[in-house]
Amino acid sequence: MDFYRNLSGKDWASLLPFGVACVAVGFGVKTLLDKQLGTVVNLSVRKSESKVADSVDIEDIGKQAVFCRCWRSSKFPYCDGTHNKHNTATGDNVGPLIIKQKE
């Protein structure tokens, strides 16, 4: 297993595209499986609640903003309600982060 000690910089450089290709294929397969099988986003936060959604007051925001926490929104980083389908498919309870101006 000491073969790697004998590799030159040129040899390592020639192996780099293969390594990048392996990472890309692995990421693609993971993404495909996640879409087909669905994965739980919220693994531990307040699992006893049917939906976890938080509201935070911030004084310098003019209007309410709703941010995605499931990473599946087509309008990311803003919520488009995709979490509802995700929650139904996976039994998860992730909801949006709601930020509104303090009154």
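When I say that two residues touch, or are in contact, I mean that they have heavy atoms within 4.5 Å of each other. Hello everyone, let's walk through this chain together.

A word on the source: this is a predicted model, where local features need pLDDT of at least 70, side-chain atom pairs count only at pLDDT 80 or more, and totals for chains, interfaces and linings use all residues. Residues are numbered from 1 along each chain as its sequence is written, and side-chain values use heavy atoms, with hydrogens and water left out.

How confident is the predictor? pLDDT is its confidence in each residue, from 0 to 100. The chain averages 79, and 78% of the residues score at least 70. Helix 1 has the highest confidence, at 89, while strand 1, residues 52-57, has the lowest, at a mean of 68. Where pLDDT is low, the predicted coordinates should not be read in detail.

Now the layout. Helices (H or I, at least four residues) and strands (E, at least two) are DSSP runs, numbered from the N terminus. Here we have 2 helices and 3 strands, in the order α-β-β-α-β along the sequence. Of the contacts with a separation of 6 or more, 65% join residues 24 or more positions apart.

Phe3 sits in the segment before helix 1, which covers 9-37. Is Phe3 buried or exposed? Buried means under 20% relative accessible area, exposed over 50%, and partly exposed in between, using a 1.4 Å probe and protein chains only. Phe3 is exposed, because its relative accessible area is 55%.

Further along, the unreviewed UniProt entry lists residues 12-33 as "transmembrane region"; such annotations may be inferred rather than shown by experiment, and the positions are in the numbering used here, with feature names shortened. In the model, residues 12-33 are 100% helix and 0% strand, with their end C-alpha atoms 31 Å apart.

Next comes Arg46, in the loop between helix 1 and strand 1. Arg46 is partly exposed because its relative accessibility is 35%. Which residues does Arg46 touch, leaving out those up to four places away in sequence? They are Val52, Ala53, Asp54 and Asn93. Arg46 and Val94 are 48 residues apart along the chain, with 9.7 Å between their C-alpha atoms.

His83 counts as buried, because its relative accessibility is 6%. Buried residues make up 16% of the 103 residues in the chain. Again leaving out residues up to four places away in sequence, His83 touches Lys51, Cys70, Val94, Gly95 and Pro96. Ser73 is 10 residues from His83 in sequence, and their C-alpha atoms are 7.7 Å apart.

How values were computed:
pLDDT is the predictor's confidence in each residue, from 0 to 100.
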